Each structure stands twice: as structure tokens, then as C-alpha cells.
Amino acid sequence: MNWFYVWIAYLVTVIAMAAEVLLLLRRRRAVRHGSDLATDLDAGAEV
Amino acid sequence: MNRRTIQWFKYAAPENLHRLAGRLMPWFAVPAAGLFGMGLYLGLLVAPADFQQGDAYRVLFIHVPAAWMGMLLYVVLAFYATVGWVLNVRASSMMASSLSATGAMFTVIALVTGSLWGRPTWGTWWVWDARTTSTLILLFLYVGFMSLQSAIDEVRRADRAGAVLALVGAVNVPIIYFSVEWWNTLHQGATLRIADESRMHASMLTPLLVMIAACWLYSIAVVLGRLQCVIRERASSGVHMEAAR
């Protein structure tokens, strides 16, 4: 029975971390495609 | 001023910090994944069961690192927010904004895993004792910081308001840490002591330290990734140019 709580705890952790990483990747993609000025940062443009 | 000092000041400029964050991120993300795998293997398969709690204690290998990261990231957030406010350093305020979501996530993990550990060992999901309540307040502080920042349209004003909240809320961190010593609580004492030798056996201490290292590296990688987003978003909205006028 104790293992049940352990597995749920690790499952919650994995879901939380995966959600954070996915949201971050989505935000990065949105920002990257959102603006020419922002993408110019990669080329070393001054802000 | 020597050459090295000048190099550090260079990264106060958001465009330089953006490039540095992009270069550093993989160096933290890849080892974090490896250490998580190693920590889970050692913690779930190699470490022996506890003689009192059985296998339920294995929640500790994620609960303790998450609770530590929740507190630590808040201290770092408060530091950067204050530096950004007092010295008017844009990069510091951006760093503070980038830290909040990861800190909140680790605090949620600490509360949920603590509850899942409490059920088989305390016989209850939740108690309003000093440690759990002050950790819940920490989560509210993170949520308050993020809400405040997103509620104010002008970014520089949002940064200043967030800095005040972060600085005031920093008082809560020592309360969380010392709560188990100051008050008689159901929560056990500190698992790891900074100035004292650990009372855990090496077979249990090793996976815990590996998981703590993994959480550190994960946090740095994710925060650097989010920092790049914040810099890009503020660049595209022309915030720096407005502030410079």
C-alpha cells in the first residue's frame, strides 16, 4: 500500500515538470515567431 | 577596474545575457536529465526500505529537494528583484520574473508530495502546523508575485511592485526553515543540516543528494530558457526603449 503513495508522488512530480517544460517550449516558439525584432537578438541586435 | 569585472558587467545588458543563457542552458539540462535518472534508480530500486516507515519514506527523495528548491528560488528571486529595483538593473528584474514559475512549481510539488507522505505516516493528508502552513504561504507569495507582475501593464512599474512583495515575503523563508525548531510540530526535523553531520545512512543520503543536484540543474536550465523568453518578449514590446527615454 505504501508504494501506491510513492508512485502517485513521483507521477505528480513528472507531470508537473513535463508541463513546465512543455509550456516553456510553447512560449519560446510563440516568442520566436512573434517578432522580427526578437529574432534579431540571435543575430546580436542591441535592445 | 580589471578585465574580469568588465566581463561580468557585460552580461547586465539583456542582449548579451540572452546569448549567454542560450549557450549555458544545454550544459545544465543534459546533466539534470542524467542525474534524475540516476537519483530515481538509486532512490526507488537500490535504497533499502526504512525500518519504521517501510517504502513510504521514498517520497523523501523528491519531497526534500522540491521543498529546498521552493525556498531557495524564493531567496534568489527576492535578491534579483531587489537588485533590479534598487540599482535599476533590467537584467535582474527579468531574472526575478523568470524564477517565479519554477519556484511555484517546486512548492506545489513539495506540498503535494508532503501530503502523499503524510497520509501513510501521520494518518492525515494535511495538518495546519507551522511547517506546512508557512510553505503554503510561500506558494501564495509566488502566486502573488506572478499575479502582480501580470496585472500591471507597465513593465518597470510591475518589476518595482513585484520587488516590494518579494522583499517583504522573504521573511517567510527563515520561518519555514526554523519552524520545526521554533514550534512543536507534527512535521519531522530537518533531514539535512547545513552545519551538522547528517543522521541518514549513506545508502539513503546518496540518492537524496543526487536528486537535489538534479533539481538544481533542472531549475537553472528552465530558468535560463524562460529568461530568454522574457528578454525576447520585452524586446518585441519595446520596453527597454521606453524605459531609456
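## Basis of the description

The structure is a predicted model, in which local features need pLDDT of at least 70 and side-chain atom pairs count only at pLDDT 80 or more, while totals for chains, interfaces and linings use all residues. Residues are numbered from 1 along each chain as its sequence is written, chains are lettered from A and ligands numbered from 1 in the order in which they are written, and side-chain values use heavy atoms, with hydrogens and water left out.

## Chain B as a whole

Chain B contains 9 helices and 0 strands, where helices (H or I, at least four residues) and strands (E, at least two) are DSSP runs numbered from the N terminus. Along the sequence, the pattern of chain B reads α-α-α-α-α-α-α-α-α.

Of its 245 residues, 51% count as buried; buried means under 20% relative accessible area, exposed means over 50%, and partly exposed lies in between, with a 1.4 Å probe and protein chains only. Among the contacts in chain B between residues at least 6 apart in sequence, 73% join residues at least 24 apart, a contact being heavy atoms within 4.5 Å.

## Helix H7 and its packing on H5

Helix H5 (residues 130–151) and helix H7 (residues 172–182) of chain B pack at an angle of about 160°, and their axes are 8 Å apart; axes are lines fitted to C-alpha atoms, for helices over the stretch in contact, and angles run from 0 to 180 degrees between N-to-C directions. H5(B) and H7(B) are therefore roughly antiparallel to each other. On the H5(B) side the residues in contact include Ala130(B), Ile137(B), Leu138(B) and Leu141(B), and on the H7(B) side they include Ile175(B), Ile176(B), Tyr177(B) and Val180(B). By class, this contact of H5(B) with H7(B) has 8 nonpolar, 4 polar and 1 charged residues, with Ala, Val, Leu, Ile, Met, Phe, Trp, Tyr, Cys and Pro counted as nonpolar, Asp, Glu, Lys and Arg as charged, and the others, Gly among them, as polar.

Within H7(B), the residues Asn172(B), Val173(B), Ile176(B), Ser179(B) and Val180(B) are buried. Seen down the axis of H7(B), these buried residues fall within an arc of 140°, so they line one face of the helix; the arc is that of the directions from the helix axis to the C-beta atoms. The cover over the buried residues of H7(B) includes H3, H5 and helix H6 (155–169) of chain B, while the face turned away from the buried side carries the exposed residues Glu181(B) and Trp182(B).

H3(B) passes H6(B) in a left-handed crossing. Residues of H3(B) in this contact include Tyr74(B), Leu77(B), Ala78(B) and Trp85(B), and those of H6(B) include Arg156(B), Arg160(B), Val164(B) and Ala166(B). The residues of the contact divide into 10 nonpolar, 3 polar and 2 charged.

H3(B) also packs with H5(B), here at an angle of about 40° with axes 11 Å apart, and these two helices are therefore oblique to each other. The crossing of H3(B) past H5(B) is left-handed. Met69(B), Gly70(B), Met71(B), Leu73(B), Tyr74(B) and Leu77(B) in H3(B) meet Leu138(B), Leu141(B), Tyr142(B) and Phe145(B) in H5(B), and these residues divide into 9 nonpolar, 1 polar and no charged.

## Individual residues

Ala78(B), placed in helix H3 of chain B, counts as buried at 6% relative accessibility. Not counting residues up to four places away in sequence, Ala78(B) touches Ala166(B) and Ala170(B).

Two loop residues are exposed in turn. Trp128(B), in the loop between H4 and H5 of chain B, is exposed with a relative accessible area of 65%, and, leaving aside its neighbours within four places in sequence, Trp128(B) is in contact with Thr133(B) and Leu136(B). Asn88(B) is found in the loop between helix H3 (60–86) and helix H4 (90–122) of chain B, and counts as exposed at 52% relative accessibility. Most residues other than glycine have a negative phi. Asn88(B), although not a glycine, has a positive phi of about 55°.

Technical notes
Parallel < 35°, antiparallel > 145°, perpendicular 65-115°, else oblique. Left-handed = near helix turned anticlockwise from the far one by under 90°.
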